[in-house]
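Here are my notes for your read-through. Keep the structure open as you go.

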Amino acid sequence: MTSDALLEVKNLTKIYTRGYIRVSHQVGCMDVSFSICKGEVLGLLGQSGSGKTTIANVILRLIKPTSGSVYLEGKDIFSYTPRDYYARVQQIFQDPYGSFNYFYRIDRVLHKAVTLKNSQTFYAERKRRIAEVLDIVGLNPSEVLGRYPHQLSGGQLQRLLIARALLIEPQLVVADEPTSMIDASSRAGILNHLLTLKEHHIAILFITHDVGQAAYISDTVVVMHEGKVVEQGEASKVLFAPEHPYTRRLLSDVPRLHEKWDLSQEIVSNPTVSDLRG
Amino acid sequence: MAKEPLVIVENLRGYYVGQFGIVQGVDGVSLTLSEGEAVGLVGESGCGKSTLAQLVTGVTGPLLHYQGGRVLVDGYEVYKIPQEVLRKEVLCKRLSYIPQAAMNSLNPVKRILDFLQDVVQERTAKKPSKSEIWSTAGEHFESLGLSREVLKLYPHELSGGMKQRVVVAISTLWNPKILVVDEPTSALDVSSQKLLIKTLALLRERGMVKSMLFITHDIPVARQICETLAVMYCGQLVEVGPVEDVLDTPCHPYTRGLLAAIASYEPSEKGRARLESIPGRPPDMRNPPPGCRFHPRCSLARESCARNEPPEVILDGHRMVRCWRAKGGL
């Protein structure tokens, strides 16, 4: 691993267990290793149930791994104090409507973001910085400040979360499907604003199932299938000259704008009941 | 196309009426669906795609009210015939409608076979035996690439993609001429999405379904199966035309904006063209902007766009564009 690795995931395994007497196991992710460099966008690509969110939850310290570990700048992530850790690692979740506390105005979230790093900041200074970052994400302060989350659209809320990340200036932002609940026409804006995070030298772990978005935003890509990493490397290599058969199949299933599938071939998979019940 | 149109929609209007006011869900839509044609209806959320589907099928949900216009489905005028005729003769026999997230409404305590029993009983007015269904429905399922064994399973035993395909198979049991599908692929991953598209293509190939109205917000998916693309904005169709033409040379600024906002995966173009989102947000449909409905967000808008509503301009005889700019200016 190179010395400028910001976050290193080493042999991470998470197995969910259920029950007390009759214990059943479910593999979240299995022996996953990758690393994110400073200021890099890493796309974590995989279908539903492939373990993408499990990895995000471990990195955000929301769940503990079964084995393996994650290092931030060479130190185990669980050795940081929460305040220290979340000043370095922040998140943007899939559901913008569920990311805000509906009892408070937007302002509170943004002011708290400034005081997370430095609790001594004056009100005027905080206000100035908030206006600055809102401008970067293309929001008009008079439109959003003083309002409650339910008065804003999903796209606006998601952009506020990006603005919040800019205020905290973490080293890493974990973005878990940030565009899936946003309208198609504002999706592009969110992706572009994520790229502004990159311009501010913030690394992004971009989790998605959308190959097009991963190709647009990522520098490196990790492809996951059933909890395991099947292929990783530079985005241009993995997405345009894939080596693993699963990656190839995944890419061939992506609908393209200027190319029509050959739909004449028969549907080959005719699963039996035992397959289905699998 | 010389073929007879199966569905004719003329100046259709449907509003949501409630305490919140009057929302102009669909406001003056004209569309024809010829035999053997698949039309893809695309647009942002809330532009009225699903409302249009509900109005075409005549099954309007609560609050949605038909406000005028004509819908002709294979000779039946949907809003002039009695409800009972609509239910018995048009729906399911001639036109099948698969609403959004239909796969979530499969009863979890019934086997797939039991659903079919209800469907068959309703249509033939006699209770069929299980073996009858087993043979007829099994044949139908197998011709769509689904295993006959699926009939024995409960919905929770199926994956999302399989459930959606089962729903498609159930609703096409009577070989309706027209199939209206609302967002069938939105909750599926790419591989099951492809299988579903194949199933739909197979239906048309085998002649079980003649025409299709395919509603989606995913333009690349619509491109795979449709011949005609209709772009909807704020309750109106802004552009209709053959899929290749619309995608290669979009005429309406809104279509251009939508296409520029898609992060699609194209192995041929490695370079990343910068994505652009459409500024602003869709207008409040209780009070749509005067003149062209897109003018507040349009980069090409002139002063006159805010005053005069644009006409439907026909280009090259087969494309419709609702824009003042389409014919080279006002």
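How many salt bridges does the structure hold over all chains?

1. The count is 27 salt bridges over all chains. Bear in mind that this is a predicted model.

2. Start inside chain A. A:Asp219 and A:Lys198 form a salt bridge, with the closest N and O atoms 3.2 Å apart. The pair links distant parts of the chain, 21 residues apart. A:Asp219 sits in the loop between α8 and β9, while A:Lys198 belongs to helix α7. A:Asp219 is partly exposed at 26% relative accessible area. A:Lys198 is partly exposed too, at 25%.

3. Now chain B. B:Glu10, B:Arg70, B:Glu77 and B:Lys80 are linked in a network of salt bridges. Within it, B:Lys80 pairs with B:Glu77, the closest N and O atoms being 3.1 Å apart. B:Lys80 is exposed, with a relative accessible area of 67%. B:Glu77 is buried, at 17%.

4. Look at the interface next. Chain A brings 46 residues to the contact and chain B brings 51 residues. The buried area is about 4600 Å², and carbon and sulfur atoms give 56% of this.

5. Which salt bridge joins A:Asp253 to chain B? Its partner is B:Lys194, with the closest N and O atoms 3.6 Å apart.

6. On the chain A side, α7 gives the most, with 7 residues. By class, that side has 20 nonpolar, 17 polar and 9 charged residues.

Notes:
Residues are numbered from 1 along each chain as its sequence is written. Chains are lettered from A and ligands numbered from 1 in the order in which they are written. This is a predicted model: local features need pLDDT of at least 70, side-chain atom pairs count only at pLDDT 80 or more; totals for chains, interfaces and linings use all residues. Side-chain values use heavy atoms; hydrogens and water are left out. Contact means heavy atoms within 4.5 Å. Buried area is the accessible area (1.4 Å probe) that two parts lose on being put together, summed over both. A salt bridge is a side-chain nitrogen of Lys or Arg within 4 Å of a carboxyl oxygen of Asp or Glu. Helices (H or I, at least four residues) and strands (E, at least two) are DSSP runs, numbered from the N terminus. Ala, Val, Leu, Ile, Met, Phe, Trp, Tyr, Cys and Pro count as nonpolar, Asp, Glu, Lys and Arg as charged, and the others, Gly among them, as polar. Buried means under 20% relative accessible area, exposed over 50%, partly exposed in between (1.4 Å probe, protein chains only).
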